[in-house]
Amino acid sequence: MRKNFVIVLFSSVSHLVQADSWIQKANCGGPERGGAISLTIGNKGYIGGGQILGGNFQNDFWEYDPSLNIWTQKASIGGTSRAYAIAFSISNKGYVGTGNGTDDFWEYDQAANSWLQKANFGCGMRNNAFGFSVGTKGYAGTGNGSTDFWEYDPFVNSWTQKANFIGGARDNPIGFSIGAKGFVGTGSLGDTLYDDFWEYDTTMNTWNQKANFPGGVRTGAVAFAILNKGYLGTGITWGTFLNDFWEYDPLTDTWLQKSNFGGTVRGSTCGFSIGQRGYIGTGCVSNSTQGIYYKDFWEYAPDSTDGVYEMNFSNSISLSPNPTSSTFTISITAQLQNAQIEIYNVVGEKMYTEPLSNCASCTVHPALPSGIYFVKLQTEKGNAVQKLIVQAP
């Protein structure tokens, strides 16, 4: 079956972006907070919940539009107010659950701006767990000194227990995914802090230890993936708050220190990625006498942006529908000279290329198997990239 996709470009303005750099953006919506949830749906990022100064938990929910650099308040998270919960996205839906000793689990419909309660988390109430998604499934585990690990299937609305996390019981680890693999590391259990790092293979249901995180033991860090690299930073170690930031390459199992997070040192931050950019915001610094909470928000540009130019096309590319198993059309608002389309799989292999010189509207047939891909448009004004999910019909 031949599969096509849509690229819609809204402007031909370009701007200069320095690689491995941080740029401060509009402050996060709502009050300063720590322990918030964060996720990405399409070209929008979301934060919500968390704990504010004084200890009160929140259930507000905010959408970030990177093309306009604005926050918009959306329908509050379903159920009770919460902090230190799990969150991830699958296709065009967001999922939030647990936190504050609860086990409820909720689905966010971006189009309807509404929440629907789903099956409770598989193993009961907990805080400080990790969560990530791979393809059409969500995954969550640890927290409350546990090692259990669970898979959520939104199509049947059920949780299935998978192989326990073998790194040991812990709270506040980081979790993110690249391709068909999930990654989990750092965290704490009582007075013990960790710097170990583990890979979960969703196809084999196995855990494999990878190179330890070289930034040192810590808990309450933040992590996300951009294209085929992982990023981890901030957090707390032995009462010291941090702002260092590191890149992980799963192909070589190596870490590389990058530019420090643009904001001040902190823990319990939240973060997500959209296209070729990462974002970190909120967080807190606290001790026995005071607490400082933040709402500043920062954008990170990695080295993997193919130079310093990026096109400003209302966040570059819109893919619709996404995921897809049917035909897509490419529409380019303004004709672009010497443009071409490239498609890469999650390990960086080029799967398809086609020139689009003087093309304002055209169709291509890459015939991609099911999986996660990155669609890249190269033009004389710069490059634009977005993730595409192809599902079996």
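I took buried to mean under 20% relative accessible area, exposed over 50%, and partly exposed in between (1.4 Å probe, protein chains only). This is a predicted model, so I kept to its rules: local features need pLDDT of at least 70, side-chain atom pairs count only at pLDDT 80 or more, and totals for chains, interfaces and linings use all residues. Residues are numbered from 1 along each chain as its sequence is written, and side-chain values use heavy atoms, with hydrogens and water left out.

**Cysteines**

I began with Cys28, which is buried at 2% relative accessibility. Is Cys123 buried or partly exposed? I found Cys123 partly exposed, at 38%. A disulfide needs two cysteine sulfur atoms within 2.5 Å, and I counted 0 in the structure. For Cys28 the closest cysteine sulfur is in Cys270, 5.8 Å away, which is too far for a bond.

**Ser188**

Next I looked up Ser188, in strand β18 (residues 188-189); strands are DSSP runs of E, at least two residues, and helices are runs of H or I, at least four, numbered from the N terminus. Ser188 is buried, at 10% relative accessible area. Its side chain makes a polar contact of 3.1 Å with that of Thr219. That term covers N or O atoms within 3.5 Å; within protein, one must be able to donate a hydrogen and the other to accept it, and residues adjacent in sequence count only if both atoms are side-chain atoms. Beyond four places in sequence, the contacts of Ser188 (heavy atoms within 4.5 Å) include Arg170, Asp171 and Tyr194.

**A four-stranded sheet**

I then traced an open sheet of 4 strands, β22-β23-β24-β25, with antiparallel pairing; two strands pair if DSSP finds at least two bridges between them. The edges are β22 (222-226) and β25 (254-257), each with a single partner strand, so one side of each has no neighbour in the sheet. Strand β24 (residues 240-249) is joined to β25 by 4 bridges, and Tyr248 has Trp255 as its bridge partner in β25.

**Aromatic rings**

Rings of Phe, Tyr and Trp (its six-membered ring) pair if their centres lie within 6.5 Å; planes under 30 degrees apart are stacked, over 60 edge-to-face, and the rest tilted. I counted 51 aromatic pairs this way. Phe88 and Phe105 have centres 6.0 Å apart and planes at 45 degrees, so I logged the pair as tilted. Phe88 sits in strand β8 and Phe105 in strand β10, 17 residues apart. Phe88 is buried at 3%, and Phe105 is buried at 0%. Phe213 and Trp255 are edge-to-face, 5.1 Å centre to centre with 75 degrees between the planes.
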